[in-house]
Every structure is written in C-alpha cells, then in structure tokens.
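Take a look at the structure below.

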Amino acid sequence: MRDAIIATLAQAREIGLTTGEIQEGVNAILGRAISPSSVRSSLRLNVGTTIVRVNRGMYALASRVASLEAPAFTYGKATLFHDDSLEWLARREPNSIHAVVTDPPYGAAEYSAREQSKLRRGQGGLWRIPPTLDGSTRSPLPRFTTMTPEDYQTISDFFTEWAQLVNRVLVPGGNVLVAANPLVSYVVSAALTAGGLERRGEVIRLVQTLRGGDRPKGAHEEFSDVSVMPRSQWEPWLLYRKPIEGTVAENLRKWGTGGFRRISDEQPFGDVIKGPPARGKERAIAPHPSLKPQGFLRRVVRASLPTGQGIVLDPFAGSGSTLAAAEAVGYSSIGVERDPEYINISREAIPRLSEMTIRLEED
Ligand SMILES: C[S@@+](CC[C@H](N)C(=O)[O-])C[C@H]1O[C@@H](n2cnc3c(N)ncnc32)[C@H](O)[C@@H]1O
C-alpha cells in the first residue's frame with residue numbers, strides 16, 4: 001500500500017492530492033478497491049520523511065514539495081528537477097530557455113503509475129516485449145497500434161497545452177525538437193502548431209532496427225508473404241521553433257537563436273541522421289525503456305543552439321540522456337522528470353553517459 005501511495009503521488013500532475021484522489025490511484029495500481037479508511041490510516045502512519053501533509057486532507061511527496069525550490073541534483077552544467085513538466089514550465093521565467101530537445105510520453109497512459117508498475121513487475125500491460133529475432137533480449141515497447149480516438153484527443157490536448165507553456169519560456173527563435181513515431185506524429189504536430197509554435201520540418205533519425213513483428217498475428221504461415229506494416233526503420237523528430245523577432249540576423253544578435261549550429265564550415269546541419277538504438281553499455285548505464293542513443297542526441301543537441309550559447313531543456317528527461325549529451329558537447333541544460341525511479345537512474349547515468357566516447361555515425 002505504501003509503495004502504491006508513493007507511486008500515485010510521484011506521478012500526479014498536481015504536487016498535492018486529496019485522500020480520495022490517492023485512493024483512486026492506489027486502486028488503479030493494485031487493481032482492487034481499497035477502503036478509504038485503510039488509505040487514510042496508511043497515510044497517517046507514513047507522514048514524516050517521505051510523505052508530507054500539505055493542507056487539510058491533502059498529501060504530497062516531501063521530495064516534490066522540496067523540488068519546487070531546489071533541483072533534485074546538478075552535475076557539471078546539467079540541472080535536473082523532480083517535477084511535473086507542465087507545472088514546472090508554468091512556473092519558469094519567460095524567455096529563459098534557448099532550445100528544447102525531448103522524447104515525450106505518447107500513449108497517454110504508458111508512463112502512468114499503473115502501467116509503470118506493471119512494466120516493473122514484468123506484467124506487460126500496455127508494454128510488450130518484442131519477439132527475439134537474433135537471440136538478444138529486446139527492450140519493452142509501448143503498444144501504439146491499440147490507441148482509440150479518445151487517446152488521440154488526450155494527446156492532442158496535452159501537447160497543445162504543453163506547446164503554449166514551452167512557447168512562453170523559450171526565447172524567440174528557440175528550437176524545439178520532439179521525438180515522435182509515424183503513428184502519432186501528425187497529431188502531435190498539429191497540436192504543437194495549435195499551441196503557437198512554428199513548424200520548421202522534421203529530422204529523420206535513421207534507426208534501421210529489426211524491432212517489431214511484421215507478420216499477420218496468428219496467421220504467420222498462412223500469409224507467409226505478407227508484412228502488415230512496413231518494418232519501421234526511421235523515427236520522425238518534429239522540428240519547431242518559437243517565431244523569431246525581426247530578421248534571422250537580428251534574432252541571432254539579440255537572443256543567440258534562430259538557426260542551427262553547423263557541423264563544420266563545409267557541412268551544414270542536415271535533417272537525416274543515422275541513429276541506431278542505444279545498445280549494450282549505454283543501456284546498462286541508463287536502463288530506461290525509451291533510452292535514446294548518445295550518438296544521435298549529441299548531434300541534435302549540439303545543433304540546437306546555433307551560437308553554442310544558452311540552455312537546452314528536456315522537460316521529459318527520463319534517464320537524463322539529453323542532459324548527458326548537452327554535458328558532452330559543453331552546453332548548459334535543464335531536465336524535468338516526475339518519476340523518482342528515473343531521477344535516481346539519471347543521477348548516475350548523466351556523469352557516465354556524458355563521459356563515454358561515442359563514435360558519431362557518418363552521414
Ligand atoms: C519517453 S520517456 C523519455 C526517455 C528518454 N528519452 C531517455 O533517453 O531516458 C518520457 C519520460 O517522461 C516522463 N514523464 C511522463 N509524463 C511526465 C510529466 N507530465 N512531467 C515530467 N515527466 C513526465 C516519464 O516518466 C518518462 O521517463
């Protein structure tokens with residue numbers, strides 16, 4: 001019960017929850033109805049160091065209350081906050097972030113307390129383990145093919161609000177790079193536009209994996225020549241910015257933003273980048289189910305600040321891989337993550353990932 005209460009409080013949008021809201025979360029996680037009096041007595045027993053009473057009948061995680069003022073930790077030029085992305089963005093000073101590079105949650109529910117608890121217990125739920133194709137164990141993937149029209153509406157509403165908040169904290173010309181997938185990218189893209197950001201295209205990450213089954217379920221042999229969907233070998237990263245002020249040159253002078261940092265004098269930043277999945281050592285350092293590879297992240301993070309000056313934000317920081325990439329290329333960065341388990345992973349992962357020697361893929 002205590003763990004379910006902590007998970008509910010950790011994943012909530014709001015910092016504090018009422019006893020009734022906590023009870024609902026606990027029921028969802030445990031999969032059965034717990035009486036209000038049991039929840040209340042467990043709360044009373046555990047109020048102290050981990051859980052605090054923030055108001056009459058309202059409780060919060062002590063770490064989340066503290067995070068309103070203080071970051072969870074800093075390493076080099078990286079700062080990580082344990083918070084909800086939307087709440088943190090709403091409190092952040094306007095015009096104080098220079099680029100956003102992020103890999104947000106998509107299935108609306110795959111990062112909920114209930115689904116994360118199933119994933120950690122190995123019970124599947126929304127997460128499925130792709131079939132082993134070459135003897136190696138594959139990471140869990142959320143199911144996007146089972147999403148309903150209501151799920152798409154939830155995603156659309158969420159990203160419209162998120163884009164409005166991002167627009168407010170970004171300086172004019174600040175780039176926004178958002179990892180997507182071919183099934184949801186059009187919904188997210190429309191929502192980012194509705195939220196006031198300006199579409200600038202897409203960066204294609206050439207993943208080229210063999211992940212995901214492609215044969216008709218239950219009829220592999222009967223239709224042995226059929227692929228249900230093309231085996232996806234790329235990942236769209238939506239490219240947006242806060243509209244610039246005046247000309248590009250004026251914006252670059254005033255804010256240091258409004259373009260991309262070139263790879264070299266001869267080579268501009270391009271929109272197709274080889275980015276095979278994070279493997280072996282990176283996965284061992286940062287065991288997050290959606291870990292993005294350092295090679296790709298370092299390339300896009302470096303390009304996101306055209307003058308190399310400013311702060312890169314990842315508002316869905318996960319294991320801290322974007323912050324590690326920023327650290328590796330010498331940039332200041334801020335991350336926001338609401339799951340305490342991933343905060344703990346990133347505490348160790350940011351230093352280790354940022355110090356890794358990574359061979360960047362040739363174009
Ligand atoms: C797709 S994962 C990002 C993983 C990251 N690419 C990495 O390499 O570790 C999205 C992350 O956002 C977190 N998250 C989901 N909703 C959030 C919210 N409202 N505020 C802050 N973090 C949130 C999840 O816990 C998850 O770790």
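## Around the ligand

Of the 21 residues around the ligand, five come nearest: Ser85, Asp103, Ser319, Ser321 and Glu337. Keep in mind that this is a predicted model. By class, the shell around the ligand holds eight nonpolar residues, six polar ones and seven charged ones.

## Polar contacts and cover

The side chain of Ser319 has an N or O atom 2.6 Å from an oxygen atom of the ligand. For Glu337, an N or O atom of the side chain is 2.6 Å from a ligand oxygen atom.

How much of the ligand's accessible area does the protein cover? On its own, the ligand has 610 Å² of accessible area, and the protein covers 98% of it.

## Helices H11 and H12

Two packed helices are described by the angle between their axes and the distance between the axes. Helix H11 spans residues 294-304, and helix H12 spans residues 321-329. The two pack at an angle of about 65°. Their axes are 8 Å apart. The crossing of H11 past H12 is right-handed.

Which residues meet here? H11 brings Gln294, Leu297, Arg298, Val301 and Arg302. H12 brings Ser321, Thr322, Ala324, Ala325, Ala326, Ala328 and Val329. By class, this contact of H11 with H12 has seven nonpolar, three polar and two charged residues.

## Helices H7 and H8

Helix H7 covers residues 149-169, and helix H8 covers residues 185-194. They pack at an angle of about 35°, and their axes lie 7 Å apart. H7 passes H8 in a right-handed crossing.

From H7, the contact uses Tyr152, Ile155, Ser156, Phe159, Thr160, Trp162 and Ala163. They meet Tyr186, Val187, Val188, Ala191, Leu192 and Ala194 in H8. Eleven residues of the contact of H7 with H8 are nonpolar, two are polar and none is charged.

Technical notes
Residues are numbered from 1 along each chain as its sequence is written. This is a predicted model: local features need pLDDT of at least 70, side-chain atom pairs count only at pLDDT 80 or more; totals for chains, interfaces and linings use all residues. Side-chain values use heavy atoms; hydrogens and water are left out. A residue is near a molecule or strand if one of its heavy atoms lies within 4 Å of it. A polar contact is a pair of N or O atoms within 3.5 Å; within protein, one must be able to donate a hydrogen and the other to accept it, and residues adjacent in sequence count only if both atoms are side-chain atoms. Accessible areas come from the Shrake-Rupley method with a 1.4 Å probe; for residues, only the protein chains shown count as cover. Ala, Val, Leu, Ile, Met, Phe, Trp, Tyr, Cys and Pro count as nonpolar, Asp, Glu, Lys and Arg as charged, and the others, Gly among them, as polar. Axes are lines fitted to C-alpha atoms, for helices over the stretch in contact, and angles run from 0 to 180 degrees between N-to-C directions. Helices (H or I, at least four residues) and strands (E, at least two) are DSSP runs, numbered from the N terminus. A crossing is left-handed if the near helix is turned anticlockwise from the far one by less than a right angle, and right-handed if clockwise. Contact means heavy atoms within 4.5 Å.
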